[in-house]
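Take a look at the charged side chains in this model. Where do they pair, and how exposed are the partners?

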Amino acid sequence: MNGFKSGFICLFLIKIYRMSEIINEVQKYVYELLNEKLHANYVYHNLAHTQRVVEKTIEISEHEKLNQTDLENLVIAAWFHDVGFVESNDDHEEKSVTIATDFLISKEISETRIKEITKLILATKMNSVPTNNLEEIIRDADSAHLASKKFFDYTSLLRKEWELVLDKTYKHKEWIALNLSFFTQKHRYYTDYALKNWTQTKDKNLAKLLKNQKKLKKEN
């Protein structure tokens, strides 16, 4: 990210936090929850991942014409979307919804808003298909790592997490094949911003995966 874009997003983030005390409270709560209760085995789905998703949610939202409530709901959902991992890997999105709902009720957030935030959290489920622009934004933000220059670092952390948490161990060729399948058959970006700005880097990561696969085949 160039300096101009990074600075612009920082200003946009400051704007959000100034206009919304609830976001400050959500951030503080999620920080403490993940730092104190998330098992160390979650080397990918941790606070750093959550912060990246929040940042990417804000980055995309800056280019959308959202009202204040929709923007706040998106950022809140992004903070809460993976907190369910503090309880279990299974159905963690539903657990995230429960944790978020309890917290937001305690802050006297309306039932209508809580329902909207719930839908956004559940939109991050693996096979969920977004039904509106807000769901498209949070889904794209959650998979922004596929178009990151650090993609191979992130996927290595996910591989290690699956080994530690799920007892799933993959040979290198198996992991490459799994990633290739996800890239080519299961994932797509939805928002105009992600399609315009992230597709090229995602394609570069895909090309490198294919190159690594070809190299392994030659070695074997």
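What follows is a walk through some of the salt bridges.

This is a predicted model, so local features need pLDDT of at least 70, side-chain atom pairs count only at pLDDT 80 or more, and totals for chains, interfaces and linings use all residues. Residues are numbered from 1 along each chain as its sequence is written, and side-chain values use heavy atoms, with hydrogens and water left out.

Side chains of opposite charge can pair when their charged atoms come close. A search of the whole structure finds seven salt bridges (a side-chain nitrogen of Lys or Arg within 4 Å of a carboxyl oxygen of Asp or Glu).

Start in helix 3, residues 47-61. Helices here are DSSP runs of H or I, at least four residues, numbered from the N terminus. K56 and E59 form a salt bridge, 3.2 Å from N to O. The two sit three residues apart, so about one helical turn separates them. K56 is partly exposed at 21% relative accessibility, whereas E59 is buried at 3%. The cut-offs are under 20% relative accessible area for buried, over 50% for exposed, and in between for partly exposed (1.4 Å probe, protein chains only).

Move on to helix 6, residues 111-122. E111 bridges to K115, with the closest N and O atoms 3.6 Å apart. Here the spacing is four residues, again about one helical turn. E111 is exposed, at 57% relative accessibility.

Finish in helix 8, residues 151-166. K160 pairs with E163 in a salt bridge, and their closest N and O atoms are 3.5 Å apart. These residues are three apart, so about one helical turn lies between them. K160 is partly exposed at 37%. E163 is partly exposed too, at 33%.
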